[in-house]
Amino acid sequence: MVSISRRMSDLEESPTLAVTAKAKELKKRGYDIIGFAAGEPDYDTPDNIKKAAIRAIEEGHTKYTPVGGIVELKDAVIEKFKGDNGLDYSREEVLISCGGKHSIFNLCQALLDPGDEVVIPVPYWVSYPPMVRLAGGVPVFVHTDETTGFKMSAEAFRDAVTGRTKAVIINTPSNPTGAAYSKGELEAIAAVALEKGVFIISDEIYEKLYYGDEPANSIASVSREVKENTMVLNGVSKAYSMTGWRIGYAAGPKELIKAMMRIQSQSTSNPASISQWAAVEALRGPQDAVAEMAAEFKERCRMMVEGLNAIEGLSCLMPQGAFYTFANVSAFYGRSFGDRVIEDSVGLATYLLEEAEVAVVPGIAFGNDSHIRLSYACSKEDIGVGLDRMKKALGALA
Ligand SMILES: Cc1ncc(COP(=O)(O)O)c(C=O)c1O
């Protein structure tokens, strides 16, 4: 029998994808499942972007491109950083990859040596720990909860730093909590990173889905010194409903970008040429669709949070961005339905899927077992129906 590499021994399949798959399977079998598990906007890719892709095919942009992306897209990314974040990057400081996930993977491979520690605030996006581990790194978790709005304080970060700390991952707005760091909070974290010589990885993929009054903050904007010590990761997947097109981008120190590009050159080569031209249109074309989607998400967010907090025993903070809510369900642990005792977030998510036909993601997938993640990337009608079903099912637990 073939033996699988040791590297794979603790690499799990993404648990969020597993739950979504189970919900899809039940739906296919005729169950009327309300999906609160989605990790992508429920909007179609805007027409102007689709048309740009069709044009790219017709104009023959169907061959290899430079490994790190076409200059037109790099320039569009540079303009985005200048316009949105006041950041100046050159083409050598930008890399286009096959989705935001690929950008982070390349970065971990290019940055980490075996034993290097990476500080990761909990709850975290599911893929950070496996990607760090695959590169030989060691995730160091900093737990956060409602008392700090699910954000890591500069003090907690400082306490987690050791002689082996190489990097810290900041994800704002966050998946799964929707929490967003303020400028002051980012300044304080950046100060500790500079003082301790820790590299900053800033995942800003939900930047455009932010409901605060001012634009979302990028830690790289704190100062020139911080920018030089930071890799900003972003992409078109969430902002432009382009999850299937697979375009992400990274901006940071050019030696690191060059190393990430070398990895890309020996693995995927360039991201799809057609998708790159579509992403140029996404970044440079009209932005109304983004604003519209963000406004709609803001309304749904309020509806979801109010509905969740109206369920006895459940509590949920108001997120500031992305399209997720992270609800505390620990009050239901120890309660039962017939023979079934709810013991943890997987038990609760399974109960909701089977008894209420509502799909949610167990918090343990994000390193937090007292919560569940509910996405509002679905219609308002579904939010209403799903909340009603949850209320009934949770109320039936004794
Ligand atoms: C926090 C975070 N970062 C990065 C990504 C990667 O996005 P993609 O690879 O689809 O561009 C996701 C997608 O779910 C995410 O939630």
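A: The side chains of Glu296 and Arg300 meet in a salt bridge, with 2.9 Å from N to O. In this predicted model, both residues belong to helix 11, which spans residues 288-309. Glu296 and Arg300 are 4 residues apart, about one turn of the helix. Arg300 has a relative accessibility of 4%, and because the cut-off for a buried residue is under 20%, Arg300 counts as buried.

Glu296 also forms a salt bridge with Lys380, and here the closest N and O atoms are 3.5 Å apart. This second pair links distant parts of the chain: Glu296 is in helix 11, whereas Lys380 is in helix 13, 84 residues apart. Lys380 counts as partly exposed, at 30% relative accessibility. Through shared partners, salt bridges join Asp42, Glu296, Glu299, Arg300 and Lys380 into one network.

Asp32 pairs with Arg389, the closest N and O atoms being 2.5 Å apart. This pair, too, links distant parts of the chain, 357 residues apart. Asp32 lies in the loop between helix 1 (15-28) and strand 1 (34-35), while Arg389 lies in helix 13, residues 380-395. The relative accessible area of Asp32 is 47%, so Asp32 is partly exposed. Arg389, by contrast, is buried, with a relative accessible area of 18%.

As for the general principle, side chains of opposite charge can pair when their charged atoms come close. A search of the whole structure finds 22 salt bridges.

How values were computed. Residues numbered from 1 in each chain as written. Predicted model: local features only at pLDDT ≥ 70, side-chain atom pairs only at ≥ 80, totals over all residues. Heavy atoms only, no water. Salt bridge = Lys/Arg side-chain N within 4 Å of Asp/Glu carboxyl O. Helix = DSSP H or I, 4+ residues; strand = E, 2+ residues; numbered from the N terminus. Buried < 20%, exposed > 50% of the residue type's maximum accessible area, 1.4 Å probe, protein only.
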